[in-house]
Amino acid sequence: ALAGFCLAASWATGDHSWVDRLWSIAPAVYAWLAAAAAGWHPRPLLMAGLATAWGLRLSYNFYRKGGYGIGEEDYRWPVLRTRITNPVAWQLFNIGFICGFQHLLLWLLAAPASVPGGDLNALDALAAAIFLALFVLEALADEQQWYFQQSKHGKALRRTDLAADYRRGFLSSGLFRFSRHPNFFAEQGLWWAFYMFSVAAGEGGFPTTAAGWLNPNALGATVLTILFQGSTRFTEELSCLKYRQYPAYQACTSMLIPLPSRGMGGGRA
């Protein structure tokens, strides 16, 4: 139903960011449906609460950037339209990837909440702690990027410690000194933590074998991780075209996993 709505809305408005507007909402809805179906079992209830906290924060961040305004399309879709020039091919991409695949992925991300299992255990506590730690990391990264962009465009006071970043045009300080996309890293990681709840449900605690750590509910986090590899590289391709010094930043700062930086003159990939 959500995929069909986004497809119809894209045809009606010419705006292809409808899935983006539902990205932070759909998983929480699915998690609450799973909690209700499980009779409000503590595990899916906890998972629904975590998914809701994630969704509310991400929705607020999307809102303050103007993402919910019709016509405020993700900047990558117009670029892709210039590369997929055949209208039939573009509509196939719109149906198959933008609306179909992405909504399927959102459902898969929430799927672990449908495995209630037994009582909460130590692995549930660990999963919740990791989820919350990555939630905070993502929030801090988004806040740093938001302030930088606001101050860069004269909507907030400029900070003297960011002078070099203002000249370059992009943020390479704070959390962005250790990862070019710390928010992307946290986003992927917290869904792996979400998956850990299904492991806890199946094993009743920490698995004693390697196979015990794997179950079909890993599909959502796996697909998301693969998707981020391509989407991040596409984002960076556009950044290299926009910012002359971005390749130097790429050479000295990890793309996703936070690692020590070697400075803008470094050479680590």
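How many salt bridges does a search of the whole structure find? The search finds eleven, a salt bridge being a side-chain nitrogen of Lys or Arg within 4 Å of a carboxyl oxygen of Asp or Glu. Welcome to a predicted model, in which local features need pLDDT of at least 70, side-chain atom pairs count only at pLDDT 80 or more, and totals for chains, interfaces and linings use all residues. Residues are numbered from 1 along each chain as its sequence is written, and side-chain values use heavy atoms, with hydrogens and water left out.

**Helix α6**

- Let us start with α6, which covers residues 87-110 and has 24 residues; helices here are DSSP runs (H or I, at least four residues), numbered from the N terminus.
- From first C-alpha to last, α6 reaches 33 Å, close to the 34 Å expected at 1.5 Å a residue (the expected span is 1.5 Å times one less than the number of residues).
- A kink of about 35° is centred on N94, where the bend is the angle between axes fitted to the seven residues ending there and the seven starting there.
- N94 is also buried, and so are W90, I98 and C99, among others in α6; buried means under 20% relative accessible area, with a 1.4 Å probe and protein chains only.
- The buried residues of α6 pack against several helices, including α1 (2-13), α3 (26-37) and α10 (219-242), with contact meaning heavy atoms within 4.5 Å.

- R43 and D124 meet through their side chains in a salt bridge (2.7 Å, N to O).
- R43 counts as buried because its relative accessibility is 0%, and D124 is buried at 1%.
- E236 forms a salt bridge with R180, and their closest N and O atoms are 2.7 Å apart.
- Here helix α10, which holds E236, is linked to the loop between α8 and α9, which holds R180, and the two residues are 56 apart.
- E236 has a relative accessible area of 3%, so it is buried, and R180 is buried at 8%.

**A local pair and a network**

- Salt bridges that share partners join R57, E138 and D142 into one network.
- The side chains of D165 and R168 also meet in a salt bridge (2.9 Å, N to O).
- D165 and R168 are three residues apart in helix α8 (residues 163-168), so about one helical turn separates them.
- Both D165 and R168 are buried.

Notes
Buried means under 20% relative accessible area, exposed over 50%, partly exposed in between (1.4 Å probe, protein chains only).
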